[in-house]
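Biologist: Please go through this model with me, one question at a time.

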Amino acid sequence: MTNHPILEVKNLKKHFHLSGNKVLKAVDDLSFAIHRGETFGLVGESGCGKSTAGRTIIRLYEATSGEVLFNGQNIHKLLGKENKQFNRNMQMVFQDPYASLNPRMTIGKIIAEGMDIHGLYTGKKRSERVSELLNDVGLNEEHANRFPHEFSGGQRQRVGIARALAIEPQFIIADEPISALDVSVQAQVVNLFKKLQKVRGLTYLFIAHDLAMIKHISDRIGVMYLGKLVEVTTSQKLYAKPLHPYTQSLLSAIPIPDPEIQRTRERVILQGEVPSPLNPPSGCPFRTRCPMAMPECTETMPQFKEVEPGHFTACHLYGK
């Protein structure tokens, strides 16, 4: 892992303008960096904006403001050949492996579609490359002639991974790639991601809401709440010493496979529901549910700052 980020997200915003002049701030001032060869986990409750962030980074959505730098280039300003090259270098694995695969195309054609667009392989080499990719993700070459409905959810997600790998990207955004799968299959797919990263030198942005599972794949983790990052640090530090009250509550909900410890541990129970991003609270967005909220939390938004070496958080508990 080098010190030079492959991806830098700077003050990224994605707002959706709705009827009645309402503005939904799905992603609101997001900043983080991902280094080459690492896995950055992005976690939070449903509706926090993590999937929208991933889709804005890869340009499925155009950003409202801010910058996304990939290998030093602002990707939201790329046109023509440069944009096509970026599309080859960054790919996405989607949450629903069935909805993201064309039901009228065979698996072989689905995997080879990107190769055809970028003119990478033709003829016999194209077929060999499809077979190689199927083997890499734990399927076999006979599967190339089948259709998506003939596969299980776990197998379809493996097809989605093979499709993403087909054009040899440097960076993959995995948008909740295991949430639609059976629990027994989730660990297999996570292990597949780790294996492919080691063999191919890939960099991942891994989006999930399952903190227990994301611990096993992420080098660093960012925690999102209502469109904003509230904490970023290494996976080890986050689980050993979470700083933000929201992170503490998420981690306390993870069951421990020891009945004695589980029975006596203290849970942090949050009150109320996540506020609407159409009408977020003043000051700190988490204050309406925070058990440690202070008057200052109502008045001012806490700065996202480095509290300990490599450990960032946005909370008034940690001073100026």
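Biologist: In which loop is the place of asparagine 21?

Modeller: This is a predicted model, in which local features need pLDDT of at least 70, side-chain atom pairs count only at pLDDT 80 or more, and totals for chains, interfaces and linings use all residues. Residues are numbered from 1 along each chain as its sequence is written, and side-chain values use heavy atoms, with hydrogens and water left out. Helices (H or I, at least four residues) and strands (E, at least two) are DSSP runs, numbered from the N terminus. Asparagine 21 has its place in the loop between strand S1 (5-17) and strand S2 (23-35).

Biologist: Is asparagine 21 buried or exposed?

Modeller: Buried means under 20% relative accessible area, exposed over 50%, and partly exposed in between (1.4 Å probe, protein chains only). Asparagine 21 counts as exposed because its relative accessibility is 78%.

Biologist: What is the phi of asparagine 21?

Modeller: Most residues other than glycine have a negative phi. Asparagine 21 is not a glycine, yet its phi is positive, at about 60°.

Biologist: Where is asparagine 71, and what is its phi?

Modeller: Asparagine 71 sits in the loop between strand S4 (65-70) and strand S5 (73-74). With 36% relative accessibility, asparagine 71 counts as partly exposed. Although asparagine 71 is not a glycine, its phi is positive, at about 50°.

Biologist: Which helices do the buried residues of H3 pack against?

Modeller: Helix H3 covers residues 107-118, and its buried residues include Ile107, Ile110 and Ile111. An α-helix has 3.6 residues a turn, so residues three or four places apart point the same way. The buried residues of H3 pack against helix H4 (123-136) and helix H5 (153-165).

Biologist: Which residue just after H3 takes a positive phi?

Modeller: The phi there is about 60°. The residue is glycine 119.

Biologist: Which residues touch the most other members of the largest nonpolar core?

Modeller: A nonpolar core is a set of buried Ala, Val, Leu, Ile, Met, Phe, Trp, Tyr and Cys residues joined through side-chain atoms within 4.5 Å. The largest one has 55 residues, and those touching the most other members are Ile111, Ile161, Phe193 and Ile214. Its largest share, 6 residues, comes from helix H6 (residues 183-200).

Biologist: How many residues does the other core have?

Modeller: That core lies apart from the largest one and has Val9, Leu12, Met90 and Met92 among its members. Its count is 28 residues.

Biologist: Is threonine 39 buried or exposed, and which residues does it touch?

Modeller: Threonine 39 is in strand S3 (residues 39-43). With a relative accessible area of 0%, threonine 39 is buried. Contact means heavy atoms within 4.5 Å. Not counting residues up to four places away in sequence, threonine 39 touches Gln197, Tyr204, Phe206, Ile217, Ser218, Asp219 and Arg220.

Biologist: What distance separates the C-alpha atoms of tyrosine 204 and glutamine 170?

Modeller: Tyrosine 204 belongs to strand S8 (residues 203-208), and its relative accessible area of 1% makes it buried. Leaving aside neighbours within four places in sequence, its contacts include Thr39, Phe171 and Ile172. Glutamine 170 is 34 residues from tyrosine 204 along the chain, and their C-alpha atoms are separated by 8.8 Å.

Biologist: How many helices and strands does the protein chain have?

Modeller: Of the 320 residues of the protein chain, 48% count as buried. The secondary structure comes to 11 helices and 12 strands.
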